[in-house]
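Please look over the structure shown here before reading the numbered points.

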Amino acid sequence: MLVSQHHPPHGGYAPPPPTGFEPSGQPPIYHDPEFPALRRAYRSFGAVSVLLSVGGFLSYVLLSSFAPALMNLELFGRLTLGLTLGLVQFVVMGLAAWRYVRHMRERVDPIVLRLRAQQREREQQQARVPSGRRFGAW
């Protein structure tokens, strides 16, 4: 079976094999020293956030399945522990979404904006034609 070097079988992103430079003569953006910091900032938060939110939901489901007496414990009137924990799931998801937006705004977006600005600057420098080379050889 022939596997392409540009498309990994698992469907994730894999940069093309390093050639050193793009056709424009500039190094690709994933060779920038800030690119690994961007990936780390994105991945670290994502892993922790997913583990906490999925772990909370999974514990709720497991408690509902294996500890029904505990989940039916009445707190106030007809409000049970199970119903309270179910409502807390909405709060947890809201907090996770709020923290995600805040994290992206504070940690990821500034790096992305710097990389985009650097890329635009490189493209503008490539677009400029030196005064002595306006006309090519015939």
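Which side chains meet in a salt bridge with an N to O distance of 2.8 Å?

1. The model is predicted, so that local features require pLDDT of at least 70 and side-chain atom pairs count only at pLDDT 80 or more, while totals for chains, interfaces and linings use all residues. Residues are numbered from 1 along each chain as its sequence is written, and side-chain values use heavy atoms, with hydrogens and water left out.

2. The pair in question is arginine 114 and glutamate 34. A salt bridge here is a side-chain nitrogen of Lys or Arg within 4 Å of a carboxyl oxygen of Asp or Glu. Arginine 114 belongs to helix H3 and glutamate 34 to helix H1, so this contact ties together parts that are 80 residues apart in sequence. Helices (H or I, at least four residues) and strands (E, at least two) are DSSP runs numbered from the N terminus. Arginine 114 is partly exposed, with a relative accessible area of 40%; buried means under 20%, exposed over 50%, and partly exposed in between (1.4 Å probe, protein chains only).

3. The count of salt bridges is two. Arginine 102 also forms one, with glutamate 106, and their closest N and O atoms are 3.2 Å apart. These two residues are four apart in helix H3, which means that about one helical turn separates them. Arginine 102 is partly exposed at 33% relative accessibility, and glutamate 106 is partly exposed at 45%.

4. A nonpolar surface patch is formed by Leu63, Leu70, Leu73, Leu75 and Phe76, with about 470 Å² of accessible area together. Patches take residues with over 30% relative accessible area and no salt bridge, joining like charges within 9 Å and nonpolar side chains (Val, Leu, Ile, Met, Phe, Trp, Tyr) within 5 Å. Areas come from the Shrake-Rupley method with a 1.4 Å probe, and for residues only the protein chains shown count as cover. Leucine 75 lies in strand S1, residues 74–76, and is partly exposed at 38%.

5. The largest pocket holds about 160 Å³ of space. A pocket is an open set of points on a 1 Å grid over the protein atoms alone, where a 1.4 Å probe fits, with protein on both sides within 12 Å along at least five of seven lines; lining residues have an atom within 4 Å of a point. Among the lining residues are Phe45, Leu52, Val92 and Arg99. Helix H1 (34–66) and helix H3 (81–127) each supply at least two lining residues, and H1 gives the most, with five.

Definitions and conventions:
Grid points are joined across faces, edges and corners, and a volume is the space filled by probe spheres set on the points.
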